[in-house]
Amino acid sequence: MGAGMAGHCAALEAARLGASVILLEKMPAYGGSTAMCGGAFAFAGTRVQKEQGIADTPELLEQDLLTCGHHANDPQVVHAYAEHQYDAYRWLEALGLDFDNVTLNGGQSMPRLHSLDPKHMLHVLHQALLDAGGKFRANAGARRLLTSGDGAERRVIGVELASGEQVMAQHGVIIATGGFSRSRELVARFAPHLADAKPMGGEGNTGDGLRMAWALGADLVDMGFTKGTFGAPATTPLPGKEKLAPYLVHTMYKGGIVVNTNGARFVNESLSYKVIGEECLKQPGRVGVQVFDQRIMDQSAPFPTVDDYNSALEAGLIKRADSLDELAGLLSLPPQALAATVARYNAAAEGRGGDEMGRDCLTAGYGTVPTLSAAPFYGIACTTGLNSTYCGLRTDAGARVLDVFGQPLLGLYATGEVMGGLHGASYLSGSSLAKGCIFGRLAAQDACRRIGAAVAVNA
């Protein structure tokens, strides 16, 4: 259930292992939040990293996941991610998806974001699924899980669609329905502090899979850690430029600063954009303005990265000025305050005193903080968007959904955003798409092993 990255990977893996597979999607077309995301995967030890001299390892990636999650993550789930991530990378490459670049983002102690165009990736996965014999149905939202047996013998055997039709799946149902960023009710229940965040993510992300498993006694995890994402443009693009405008823009990890409408910094910009997002919601108007210079602008990278500054400029989201005073006027910031803030930041970057927010790196201990001194200067007003919830169903390391007593709900799996346990207290950039692929495939493999066991017993 759910035809984004996670659902496609699970369905394709199962089909290639010989299972009879149907991929259900409640919306008119496949894609979900994946079609709107930046297309980044957190992988370690890859060919492209080695070609760029980046000495990354699965062990370092595992440690970064735990550190970013404040060790509130499920260590077994985190270890499974680290153990299987390279195989997922090779699996995607074997589909013809080419990772040709690697970048740095929040929480990464090494550059390890491998990006793909999400729409092209989805097209490749979807065609591969059909070629493998899998079936796909759109406009097929589900409302209930079907079970047979009682007590310890109860197992999930299919789903009831919103139309009332029953679709049977005797050897496993995999929930890949995304989060609940579009459900005001669930946001109010689990993340009331994000009630004012800008709703983002897939239009179908209303928590359907979470509710269906919850009704069977599934345990929930990480619910209190839900955070918004900083970098959602706070203004609208120029007429006719809507399709060009990026959903998210991040200059922080290149050395940009974030100031409030008073021209003052309010957060250490090297922290996760989830943490920055929390602090942004506390600022006047819930706005944080990213301020940067030409040196950073020159590092613009095209979509699907969050570094597509050129498109944001063309869409009218980024403002350009020859001086900081002129930029302040364009962004309705107090000129003297902004100039003083940048002067203090530059002094710290040059070693003339400590940084007022404690910043001493680009992110996670990596990189040297540059000065903001290369005119022209740029700025973009942003807010915090709720594009993902990154919490939900508790699973074991094989993606089997667990009940409130820690026992598997037989025949039920979860992967992608609806699956909790991996992220803990905060989100490591690039771990969502990779998580969907890794645990979607693990879920399919487990279900197919059980098919084989059942066939052997029946024989």
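Colleague: Why is T46 called buried in this model?

Modeller: The model is a predicted one, and in it T46 has a relative accessible area of 0%. Buried means under 20% relative accessible area, so with its 0% T46 is called buried.

Colleague: Where is T46 placed, and which residues is T46 in contact with, leaving aside its neighbours within four places in sequence?

Modeller: T46 sits in the loop between β2 (40–42) and α2 (47–51). Once its neighbours within four places in sequence are set aside, T46 is in contact with Y86, Y89 and H114, where contact means heavy atoms within 4.5 Å.

Colleague: What makes A55 exposed?

Modeller: A55, which is found in the loop between α2 and α3 (58–68), has a relative accessible area of 61%. The word exposed is kept for values over 50%, and therefore A55 counts as exposed. As for its place relative to R344, A55 and R344 are 289 residues apart in sequence and 34 Å apart in space, C-alpha to C-alpha.

Colleague: How do you know that A94 is exposed, and in which helix does A94 lie?

Modeller: A94 lies in helix α4 (residues 75–94), and its relative accessibility is 68%. That value is set against the cut-off of over 50%, so A94 counts as exposed.

Colleague: What makes α1 mostly covered?

Modeller: Of the 12 residues in α1, 11 are buried, each of these having a relative accessible area under 20%. Among them are M5, H8, L12 and E13.

Colleague: How does the reach of helix α1 stand against what is expected?

Modeller: Helix α1 (residues 5–16) reaches 16 Å from its first C-alpha to its last, which is close to the 16 Å expected at 1.5 Å a residue. Just after α1, G18 takes a positive phi of about 95°.

Colleague: Which residues are the closest to the centre of the largest pocket, and what is the volume of that pocket?

Modeller: The largest pocket has a volume of about 500 Å³. It is lined by 25 residues, and the closest to its centre are S20, V21, I22, A169 and G172. At least two residues of this lining come from each of α1, β1 (22–24), β8 (166–168), β9 (173–175) and α13 (431–458). By class, the lining of the largest pocket has 20 nonpolar, 5 polar and no charged residues.

Colleague: How many cavities of 30 Å³ or more are there, and which residues line the second largest cavity?

Modeller: The count comes to 2 cavities of 30 Å³ or more, and the second largest cavity holds about 70 Å³ of space. Its lining includes F225, K227, K274 and H423. By class, the lining of the second largest cavity has 4 nonpolar, 5 polar and 2 charged residues.

Colleague: Why is the pair of E93 and R47 called a salt bridge?

Modeller: Their side chains meet at 3.0 Å, N to O. A salt bridge needs a side-chain nitrogen of Lys or Arg within 4 Å of a carboxyl oxygen of Asp or Glu, so the pair of E93 and R47 qualifies. Because E93 lies in helix α4 and R47 in helix α2, the pair ties together parts that are 46 residues apart in sequence.

Colleague: What makes E93 and R47 partly exposed?

Modeller: E93 has a relative accessibility of 21%, and R47 has a relative accessible area of 32%.

Colleague: How many salt bridges are found in the whole structure, and which residues are linked in a network?

Modeller: A search of the whole structure finds 28 salt bridges, and R265, E269, R344, D355, E356 and R359 are linked in a network of them.

Key
Residues are numbered from 1 along each chain as its sequence is written. This is a predicted model: local features need pLDDT of at least 70, side-chain atom pairs count only at pLDDT 80 or more; totals for chains, interfaces and linings use all residues. Side-chain values use heavy atoms; hydrogens and water are left out. On a 1 Å grid over the protein atoms alone, a cavity is a set of points where a 1.4 Å probe fits but cannot get out, and a pocket is an open set with protein on both sides within 12 Å along at least five of seven lines; lining residues have an atom within 4 Å of a point. Grid points are joined across faces, edges and corners, and a volume is the space filled by probe spheres set on the points. Ala, Val, Leu, Ile, Met, Phe, Trp, Tyr, Cys and Pro count as nonpolar, Asp, Glu, Lys and Arg as charged, and the others, Gly among them, as polar. Buried means under 20% relative accessible area, exposed over 50%, partly exposed in between (1.4 Å probe, protein chains only). The expected span of a helix is 1.5 Å times one less than its number of residues.
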